Amino acid sequence: MHSTESPNQLTSAQAAPAADAVSVVGRVLDAIPFNRAHRLILLMVLLGAFFDVMEENSLGAVGPALKSVWNISTPELAFLQTVTIGAMIIGKVVTGALGDHKGRRFALAFNLAIYCLGALVCALAPGYAVLAIGRFIVGVGLGGEIAAGMTMLSELVSTKYRGAVVASLNVGAGGFGNVVSFGFAAVVLGPLGNFFGGPGNSWRWMFGLLVLPALLVLVYRRFLPETPRYLASRGRIDEANGVLTRLANGRLKDRGGPVTPYIQHTGTAPAVEKVRLSEVFRGVLLRRTAALAVISWMTFGAQVTVLVLMPTILVEQGYTITKSLAFTMVMNLGSLFGAAAATWAALRLPRRAVITGGAVAACAAALAFGFLATSPALVLILGALFQFFVLLLNSTIFAWAPELYPTRVRAFGTAMVAVQGNVAGAFVPIGAGLLLDRAGVVAVFVLIAAMYCVMAITSRFAPETHGRSLEDINSDTTQGVS
């Protein structure tokens with residue numbers, strides 16, 4: 001559990017040898033209240049995740065326009081999403097490895113820079129093939145953004161607030177991101193469409209305009225600190241003490257002054273945790289990875305399918321492109337409330353209970369939409385209800401995944417869980433697109449409901465982490481050093 005001592009009480013007199021440095025960091029962080037420094041870190045990570053989701057949803061938003069301008073089929077549109085998410089898999093693997101070898105801060109900067117390059121390629125694409133290449137580059141950049149952010153936030157706050165802070169990442173990403181992305185598309189492709197060159201060019205501005213704020217976030221992220229848990233695990237004791245001191249004082253910028261020696265030097269070379277990425281596929285960690293992988297596959301596969309196909313589904317039911325995007329935006333208000341509910345639940349409720357109950361509710365909501373959404377009012381209400389439970393689940397996974405791995409492989413383990421969601425997102429929309437063309441909307445939502453049933457069952461096989469310190473959760477995975 002978390003310490004009730006103040007951070008200034010945990011000075012060198014109580015500090016442990018370097019071999020126990022990560023445990024000392026955990027106790028110090030538990031004694032630091034959530035303050036201005038934490039809020040600024042959360043804001044910078046959250047903004048990156050927000051634009052990540054804006055870009056990820058942009059393809060679904062411009063899908064109807066692309067089908068009209070380039071005369072592509074629904075499976076071809078879904079294939080562009082497959083390319084994007086397939087590249088996200090590569091990006092997650094690379095970023096997870098970079099996060100554990102080079103640091104969480106480095107991984108976040110790498111992702112956002114690659115994303116900006118890919119978005120520009122998409123905006124300037126002369127045809128389908130180049131657009132696919134651009135989506136691949138975007139996918140590599142997007143791949144590890146949220147996973148790296150989850151890892152960083154989980155390592156920077158106390159046990160009490162850890163789950164809520166990490167889950168709140170999805171308030172900006174899946175919550176505001178899902179709502180704003182389709183609203184932004186509706187404005188760019190609708191009222192401002194002629195200003196941006198009409199249907200043949202306005203979709204390009206959708207991609208291009210998203211680069212500008214992302215570049216601004218990239219600049220601001222210069223002020224992000226590396227996590228003291230990571231620094232301690234790499235034997236960088238002085239740097240870890242410096243970050244802890246700044247966090248305790250509620251600031252990010254190093255203004256000089258005395259540094260509190262929370263972790264003492266022992267007179268010998270600091271201990272360094274050896275990074276063995278394959279560890280996440282062995283023993284205790286393999287069981288955790290497998291359980292969260294299935295859970296991630298089910299919910300993210302279902303979510304991506306709905307995000308990609310919903311505007312097309314509505315257009316095929318007789319709604320205009322602009323109205324279908326506006327409807328999708330309104331439905332995604334449920335995402336915002338779902339992410340907010342997950343933040344509340346992460347403070348108060350066990351992870352497994354939220355996942356199990358939420359999956360059952362998402363199953364019921366999917367069936368209700370498939371069978372009953374026959375009028376505009378029901379489309380909006382049932383769609384928003386479904387998105388509420390989807391984001392409740394996804395945000396809880398955000399909180400749960402980084403808690404299941406020790407510091408030495410936390411970035412890679414979290415990325416591997418997220419990868420499974422991308423694998424599902426790469427393939428499920430293709431199958432769902434074919435199913436939509438051949439069997440209709442009901443069949444698609446029956447498939448989604450079945451996926452949530454599997455998720456509810458699998459959630460029982462992962463360990464409960466609510467209210468436990470990261471070091472306590474992972475005490476049975478220790479390999480020589482903590």
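**Notes on cavities, a helix pair and confidence**

1. Searching the whole structure turns up eight cavities of 30 Å³ or more. Here a cavity is a set of points, on a 1 Å grid over the protein atoms alone, where a 1.4 Å probe fits but cannot get out; its volume is the space filled by probe spheres set on the points, which are joined across faces, edges and corners.

2. This is a predicted model, in which local features need pLDDT of at least 70 and side-chain atom pairs count only at 80 or more, while totals for chains, interfaces and linings use all residues. Residues are numbered from 1 along each chain as its sequence is written, and side-chain values use heavy atoms, without hydrogens and water.

3. The largest cavity has a volume of about 370 Å³. Its lining (residues with an atom within 4 Å of a point) comprises 30 residues, with Glu56, Ile146, Phe300, Gln303 and Phe398 nearest the centre. Helices supplying at least two lining residues each include helix 2 (36-70), helix 12 (283-316) and helix 16 (376-400); helices are DSSP runs of H or I, at least four residues, numbered from the N terminus.

4. How do helix 17 and helix 18 cross? The axes of helix 17 (residues 410-439) and helix 18 (residues 441-458) come within 7 Å, at roughly 145°; axes are lines fitted to C-alpha atoms over the stretch in contact, with angles from 0 to 180 degrees between N-to-C directions.

5. On confidence, pLDDT (the predictor's confidence in each residue, from 0 to 100) averages 82 over the protein chain, and 90% of residues reach 70 or more.

Note on methods. 1 Å grid on protein atoms, 1.4 Å probe; cavity = no way out; pocket = protein on both sides within 12 Å on 5 of 7 lines; lining within 4 Å.
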